[in-house]
Amino acid sequence: MSNLKSDEFVSDPRIQKARELVLEALSDHQAKLTRIADADPDTADHYDALIDQFKQARGNPLFYPYIGSGFGNGTLVELKDGSVKYDMISGIGVHIMGHSNKQLLASSFDAMLGDTIMQGNLQQNAESLELMQRFIRLAAKNGAKIEHCFLSTSGATANENALKIAMQKNAPASRVLAFEHCFMGRTLALASLTDKDAYRVGLPKTVDVDYIPFYDANDHLGSIRRAVKALETCIQRYPKKHALMCFEMIQGEGGYYPGHHDFFYALMMILKQHHIAVFVDEIQSFGRTENAFAFQTFKLDKFIDILCVGKMTQVCATLFVDEYQWKPGLISQTFTGATASIYAANTILAELENGDYFGEHGRNMQIAQVFASEFDAMNERHPGMISGPYGYGIMIAFTAYDGSLDMTKKAIHALYKNGVIAFVAGKDPYRMRFLPSAAVITDDDIKNVCEILERTLLDIHEEANKED
Ligand SMILES: Cc1ncc(COP(=O)(O)O)c(C=O)c1O
């Protein structure tokens, strides 16, 4: 029996009663939010003013006129203007349990009873250890030699920590290998790595990066040959100068292009021969394929030295093999996460571990399949309307008509207006992407979303024809 005051406090019947009542109230109120709705016209002026204030406060306009009310039901989210929309982007891959999820409300309630709002590297509670051990267990499940885990509050910080760990171990090697069109985050170092000019306008170069062309599914062997050749050339040009190579198993911001086992295998073999760290950025791909990690889906476990997770994990983390243990002082931050996010992360990882998301016929692949058949049907009715889905599992992208910037922008904003929130990815062609909340999205939700998508794309097409 524990003598801890914390256990006495948490199990106090008044607390348990309050917890029950909160969850009961959630169910009652969620029962009233079951379909999309237009904005309340009476709120229009006030809402527009709030949007302007947002623009003023952040110094830049919002992508969408989105201000959440803080309430939702599954994939449905309520906005401050009274409208209700299907959230198909879920905070760009964060809300895997949907909006106002009961399990997460319960875990937030439990977190609320904790002594601090935030936890940090100097003082952490037992739930942080539980989380680190869960991450390690999941990552090492199929044989990866991951033994350690360091928590942080953003994907970019996790990636920065990964770079530092790899560079310290392999010093004085400091060059980085990365794929063309990769996205790694937006710190000063990562802006040098992320292969997008617009994200580093006016910034100094902080890291020397050598880019390797990514996998091309239309030219399997050719793309492997080209990438191997490029990698060998870089290594010959700068012998012993590369500390690590960064891998996105499925390019996210770059346009939802998955790689292939053979492609990654060929490159990783060369990296191992040259003692260059294999670093996998799973910030967007975690939890979205047939396994918790995409590197497990591509069967590359034995190669992985360092990996990062974020987004749906709520707390971000850098995981690594023992060989990459860092020297004291290299990495630390005040915050590892909010207590609520640490509790939520444990709840989500337990759900992923114990639920039926993974495997060839798991929920992730079922969701992908329902989208695929809806897109096929749409294309049969309206040839050329949509191509895709691209991506992998529940990283779902598609191209609307010609995939031009103009068409994609029009489509994405019209879709938003009609009640579905999506986002863009890639370039030439531009794609639209969905990161659905796998824990809650139903097949009916997918059908409803695709119905709205079809209607929206038809309207845009008609409009464009009128303009011609
Ligand atoms: C693959 C990948 N790496 C890193 C990041 C950066 O994560 P964050 O935005 O949490 O800093 C992202 C975010 O979109 C990502 O998709």
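The legends below describe close-up views of a predicted model. In this model, local features need pLDDT of at least 70 and side-chain atom pairs count only at pLDDT 80 or more, whereas totals for chains, interfaces and linings use all residues. Residues are numbered from 1 along each chain as its sequence is written, and side-chain values use heavy atoms, with hydrogens and water left out.

View 1. The ligand is surrounded by 13 residues, where a residue is near a molecule if one of its heavy atoms lies within 4 Å of it. The closest are Gly-155, Ala-156, Asp-281, Gln-284 and Lys-311. This shell divides into four nonpolar, five polar and four charged residues; Ala, Val, Leu, Ile, Met, Phe, Trp, Tyr, Cys and Pro count as nonpolar, Asp, Glu, Lys and Arg as charged, and the others, Gly among them, as polar. Helix H7 (residues 155-170) provides the largest share of the shell, three residues, a helix being a DSSP run (H or I) of at least four residues and a strand a run (E) of at least two, both numbered from the N terminus.

View 2. An oxygen atom of the ligand is 2.9 Å from a polar backbone atom of Gly-155, and an oxygen atom of the ligand is 2.8 Å from a polar backbone atom of Ala-156. From Gln-284, a polar side-chain atom lies 2.8 Å from an oxygen atom of the ligand. Taken alone the ligand exposes 390 Å², and the protein buries 81% of that, with accessible areas computed by the Shrake-Rupley method with a 1.4 Å probe.

**View 3. Gln-333 in its loop.** Gln-333 lies in the loop between strand S13 (316-321) and strand S14 (337-338). With a relative accessible area of 19%, Gln-333 is buried, a word that means under 20% relative accessible area (1.4 Å probe, protein chains only). Leaving aside neighbours within four places in sequence, Gln-333 is in contact with Asn-121, Phe-150, Leu-151, Ser-152, Thr-157 and Asn-161, contact meaning heavy atoms within 4.5 Å.

**View 4. Leu-267 and its surroundings.** Leu-267 belongs to helix H10 (residues 261-273) and counts as buried, at 1% relative accessibility. Not counting residues up to four places away in sequence, Leu-267 touches Phe-179, Ala-227, Val-228, Leu-231, Met-245 and Phe-247. Ile-212 is 55 residues from Leu-267 along the chain, and their C-alpha atoms are separated by 10.0 Å.

Notes:
Polar contact = N/O pair within 3.5 Å; in protein donor to acceptor, adjacent residues only side chain to side chain. Buried < 20%, exposed > 50% of the residue type's maximum accessible area, 1.4 Å probe, protein only.
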